[in-house]
Amino acid sequence: MDFRFNGMRPYRRNSFASVTGMIVDMTPAQMGNRRTNGCMIFTTVEDADGNTVNFIITPSTYVVDFETLSVGMTCTFYYRTDDPVPLIYPPQYNAVAAAREKTGRMVSVGYFNTALVNEDQTLQLNMDGTVQLRTTNNQYYQGSPANHNLVVIYDTSTRSIPAQTTPRQVVVLCD
């Protein structure tokens, strides 16, 4: 864990980053000289500036709303910043989560502490009895979401710092 000092509150450095762009190609991933059995998909994304980034979608990649991704969709792909990556161009990352861009729906991926505040202290979760708490395979999560990496799906938030939201769904990324 990398802790930094921000005024009076230490915080963890965000261990997730994202790229938003249009999917321009999807092919079965290769391992060496052979193709995998179709369980991993090599996805090429082009962002609004024309930059290309490649993502590997694996069976453990959480796709928001279990939507089938396809060429031409605008999506946001989330990846771990502390995972090893090959030093190649274009960059290539393992996708932890993916979300098709939809008007009015917001997605946040990251670590949420005991107070359910994310790593960069910009979002706090208000959990009430209506929030769906699930695992990546859509099973009910039986524990507390605090101190876990989460995919948070929400529609609105306050303008406070940190912004507060009552999410419609929280998915726990079990390590």
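Before going on, a word about the model. It is a predicted model, where local features need pLDDT of at least 70 and side-chain atom pairs count only at pLDDT 80 or more, while totals for chains, interfaces and linings use all residues. Residues are numbered from 1 along each chain as its sequence is written, and side-chain values use heavy atoms, with hydrogens and water left out.

Now back to Arg100 and its partner. The side chain of Arg100 forms a salt bridge with that of Glu67, at 2.9 Å from N to O. By salt bridge I mean a side-chain nitrogen of Lys or Arg within 4 Å of a carboxyl oxygen of Asp or Glu. Arg100 sits in strand β11 and Glu67 in the loop between β8 and β9, so this pair ties together parts that are 33 residues apart in sequence. Strands here are DSSP runs of E with at least two residues, helices are runs of H or I with at least four, and both are numbered from the N terminus. Is Glu67 buried or exposed? Glu67 counts as buried, because its relative accessibility is 19%.

How many salt bridges are there by this rule? The count is 6. Another of them joins Asp65 and Arg105, with the closest N and O atoms 2.6 Å apart. This pair also links distant parts of the chain, 40 residues apart: Asp65 is in the loop between β8 (62-63) and β9 (74-80), and Arg105 is in the loop between β11 (97-100) and β12. Arg105 counts as buried at 11% relative accessibility, whereas Asp65, at 31%, counts as partly exposed.

A further pair is Asp82 with Arg80, where the closest N and O atoms are 3.0 Å apart. Asp82 is partly exposed, with a relative accessible area of 46%.

Asp65 has a positive phi of about 60 degrees, although it is not a glycine. Phe66 also has a positive phi, about 50 degrees, and is not a glycine. Phe66 is found in the loop between β8 and β9, and it counts as partly exposed because its relative accessibility is 45%.

Next, the cis peptide bonds. The bond from Tyr89 to Pro90 is cis, with omega near -5 degrees, and Pro90 is in the loop between β9 and β10 (92-94). From Ile161 to Pro162 the peptide bond is cis as well, with omega near -5 degrees. Pro162 lies in the loop between β15 and β16 (163-165).

On to the sheet. It is an open sheet of 4 strands in the order β12-β15-β17-β14, with mixed pairing. Two strands pair if DSSP finds at least two bridges between them. β12 and β15 (residues 148-154) run antiparallel and are joined by 7 bridges. Within that pairing, Leu150 of β15 is the bridge partner of Gly110.

Asn149 is also in strand β15. At 7% relative accessibility, Asn149 counts as buried. Leaving out residues up to four places away in sequence, Asn149 touches Phe16, Arg80, Gly110, Tyr111, Val171, Val172, Leu173 and Asp175. A contact means heavy atoms within 4.5 Å.

To finish, the whole chain. It has 0 helices and 17 strands. Buried residues make up 42% of its 175 residues. Of the contacts with a separation of 6 or more, 62% are between residues 24 or more positions apart. The accessible surface comes to about 10000 Å², with 50% belonging to carbon and sulfur atoms; areas come from the Shrake-Rupley method with a 1.4 Å probe, and for residues only the protein chains shown count as cover.

Conventions. Buried < 20%, exposed > 50% of the residue type's maximum accessible area, 1.4 Å probe, protein only.
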